[in-house]
Amino acid sequence: MGNFKGHALPGSFFLIVGLWWSVKFSLWHASRRNKNACHLASKITYRRLEVIEASVILLFALVGMLAEQFVPDGPQLKLYNYEDKHWDHLMNWQHATMYLFFGISAAVSITVHTTGVMPIAFDRLLLAIAVFVEGFLFYYHLHGRLMLDVHVHQLLLFAIFGGALTIFLEVFFRGNILLELLRCSLCLLQGSWFWQIGFVLYPPSGFPEWDSMDHNNMMFITMCYCWHYAFALLTVAAIFTIISWLVQTKLKKTPQLEMGLLKTKEREEESEEDL
């Protein structure tokens, strides 16, 4: 991550995931809240979405681990340099470890929603652990850096640990729309802040460089962090409002007879799934 692209790529990933979660949880909540909208969010459809989502995350995690190891200046699976007697590319190994835990979380989620051999709460528990490990490694990732560099990464930790705590609470309060939307907002905050870190520490050509020792920059970047979270909250609120309105609009346009047939079909599918 020691360049602009290294922060823009994970930032884009978290932004996409945050937007996807916002749509998914909003649709699920709006559909379940309306008794006539069961066909929009049946259990079998929800499980399929969870499996698809986890499969994509697992794929990205595997690609991330391989990329961290086999980039031209990567460690090539070598952890210790015995010739020079020092650890080899520990930053790459830390990033690969982050991807590893997200991969484990995705694999557990696939198992939970396809086999039923694990308690369903395991998917949330492993995701919370993966996000916590990300923050834990970042916390010890800042030694010897300049003041502004340390500060922007410390601000990132609030989003990461906040997300880990929120997902952990979902283990016990699964389906709580407030926790789910809070998780979405923190994920969007993490994604947009990765982009901000890239612009601050590695400004693209044509952008001015930041003075890493100027306290005014510290004050501004803290305020800017609050703006990022305000944007994340507004984005989640807008998605939730639009999805709720679309579900209500669809219900009004769907004939009652058709709704009854759809509900009967969904009940049959869910019964088969339970068996």
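Angles under 35 degrees count as roughly parallel, over 145 as roughly antiparallel, 65 to 115 as roughly perpendicular, and the rest as oblique. The model is predicted: local features need pLDDT of at least 70, side-chain atom pairs count only at pLDDT 80 or more, and totals for chains, interfaces and linings use all residues. Residues are numbered from 1 along each chain as its sequence is written, and side-chain values use heavy atoms, with hydrogens and water left out.

**Exercise 1.** Classify the packing of helix 4 and helix 5.

*Solution.*
1. Helices are DSSP runs (H or I, at least four residues), numbered from the N terminus.
2. Axes are lines fitted to C-alpha atoms over the stretch in contact, and angles run from 0 to 180 degrees between N-to-C directions.
3. For helix 4 and helix 5 (residues 147–172), the angle is about 160 degrees and the axes lie 8 Å apart.
4. Helix 4 and helix 5 are therefore roughly antiparallel.
5. Contact means heavy atoms within 4.5 Å. Among the residues making it are Phe 132 and Phe 136 of helix 4, and Leu 157 and Phe 161 of helix 5.

**Exercise 2.** Classify the packing of helix 1 and helix 7.

*Solution.*
1. Helix 1 and helix 7 (residues 215–253) pack at about 40 degrees, with axes 9 Å apart.
2. That makes helix 1 oblique to helix 7.
3. Residues including Leu 19, Val 23 and Leu 27 in helix 1 meet residues including Ile 239, Phe 240 and Ile 243 in helix 7.
4. By class, this contact of helix 1 with helix 7 has nine nonpolar, six polar and one charged residues. Ala, Val, Leu, Ile, Met, Phe, Trp, Tyr, Cys and Pro count as nonpolar, Asp, Glu, Lys and Arg as charged, and the others, Gly among them, as polar.

Notes. Helix = DSSP H or I, 4+ residues; strand = E, 2+ residues; numbered from the N terminus.
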